[in-house]
Amino acid sequence: MTQRGISTAVVLVGGLGTRLRPLTNLLPKPLLPLLDIPLIGHQILWLARNGIQRVILAAGYKAERLRSELLRHDWGLELTVVEEPEPLDTAGAIKFASQGLEETFLATNGDLILNPSLADMVAAHKAAGAAATIMLRRVEDVSHYGLVLRDDTSRVIAFLEKKPEDETGQRTVNAGVYLLEPNVLHLVPERSSWSIERRLFPDLLASGAVIHGHLPARPYYWIDVGRLDTYRQAHRDLLAGVVDWCGPWVSEQATISPQAKLVAPVFLSGGVRVGPEAVVGPFVSLSPCVEVGEGARVEDSIVWATARVGHGARVVGCVVTPEAVVPDGESISDRIVMPK
Ligand code: GDD
Ligand code: MG
């Protein structure tokens, strides 16, 4: 911890992204495009805004691709990619990637887009003298998440990963953001597959260590981009301006026919071409060099770089991947379009 707070974050990005297949056959989940930057870029920018100076990506699946895509950008902080020899699960991966860290550090799930301030969490961690602090989130359906039960001082008393409905009616879950004292990782065996949710947190609780649950006082944006529906929702939220995005909406390098119609909100990247009488939007993101043919209609869809929507085609609720082509005149909805 520096004078200002926490300086280092270990970000978990090694999962297979199974629930996002077949998109994650093409790209690892952290590189899925969201407007003009990859998913993980949104999180790195949030960390930089919160004063984090060093991000260690704990990688596994397609780690080389992550390196080649991410390390050539300047994210405003020091970024490294640590590749584990085999999947070590969440706690094993944090232990492997955080070797040598001697100060309190942040650990996060890398598939989150979020914007809470970290300052209050750091203050709460210190005040509680906690070994670990877990950021919390209230949700409607707890079954996808880790349910966190607390006493009335916010000390965690139970951590229940992906349990069906809790009979207590509790709705407060693990938001996938942790402050950890390095010594908690002594409970994780070297280089073994070990889950923070199913093993380390329950073991820490059993040992009597203080785990603090931090529910930020101010409302904050948060989404786990782990499934197709949340990938699409994150786009809609970014397009609607619900969460921070300061990039351009329509690139000056896009070529839009004067006879085409853009229906806000839309995002059009550089090199995009939209033909006459085409209608694009609302809630559409076109990545670099996408072509939308004459008279085509694209709505509520995400079109990745270099894909092509043919003349007169209609695309609604779709993800169109690179080099994929929607043939002229074809009408498709709620589909992932892969290249042939
Ligand atoms: N390096 C590495 N190695 N990373 C991994 C591994 C691994 O073996 N396994 C998973 N990860 C990474 C994933 O890439 C992801 O960023 C993060 O760990 C969490 O895994 P997910 O698969 O996304 O978990 P989840 O969304 O089902 O549940 C988790 O997140 C919820 C909040 O969104 C849990 O932490 C829940 O408790 C939590 O509520
Ligand atoms: Mg997830």
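A backbone N or O atom of Asn174 sits 2.7 Å from an oxygen atom of ligand 1.

Student: Is this an experimental or a predicted model?
Tutor: This is a predicted model.

Student: OK. How many residues surround ligand 1?
Tutor: There are 26 around ligand 1, and the closest are Glu84, Glu161, Asn174, Glu197 and Asp224.

Student: Which atoms of Asp89 and Asp111 come up against an oxygen atom of ligand 1?
Tutor: For Asp89, a backbone N or O atom lies 2.8 Å from an oxygen atom of the ligand. For Asp111, an N or O atom in the side chain is 2.8 Å from an oxygen atom of ligand 1.

Student: And what coordinates the magnesium ion?
Tutor: Asp111 (OD), Asp224 (OD) and Asp224 (OD) coordinate the magnesium ion (ligand 2), at 2.1 to 2.7 Å. Asp111 is in the loop between β6 (105-109) and β7 (112-114), while Asp224 is in strand β13 (residues 222-224), so the pair ties together parts 113 residues apart in sequence.

Student: Is Asp111 buried or exposed?
Tutor: Asp111 counts as buried, because its relative accessibility is 9% and the cut-off is under 20%. Asp224, at 21%, is partly exposed.

Student: Switching topic: which residues touch the most other members of the largest nonpolar core?
Tutor: Val55, Leu57, Leu106, Ile113, Val177 and Tyr231 do, in a core of 61 residues. Helix α2 (residues 39-49) gives this core its largest share, 5 residues.

Student: What does Tyr231 contact, beyond its neighbours within four places in sequence?
Tutor: Its contacts include Leu20, Pro33, Val225, Ile302 and Trp304.

Terms used:
Residues numbered from 1 in each chain as written. Chains lettered and ligands numbered in written order. Predicted model: local features only at pLDDT ≥ 70, side-chain atom pairs only at ≥ 80, totals over all residues. Heavy atoms only, no water. Core = buried A, V, L, I, M, F, W, Y, C linked by side-chain atoms within 4.5 Å. Buried < 20%, exposed > 50% of the residue type's maximum accessible area, 1.4 Å probe, protein only. Helix = DSSP H or I, 4+ residues; strand = E, 2+ residues; numbered from the N terminus. Contact = heavy atoms within 4.5 Å. Donors = N, O, S within 2.8 Å, 3.2 Å for Na, K, Ca; no water. Near = heavy atom within 4 Å. Polar contact = N/O pair within 3.5 Å; in protein donor to acceptor, adjacent residues only side chain to side chain.
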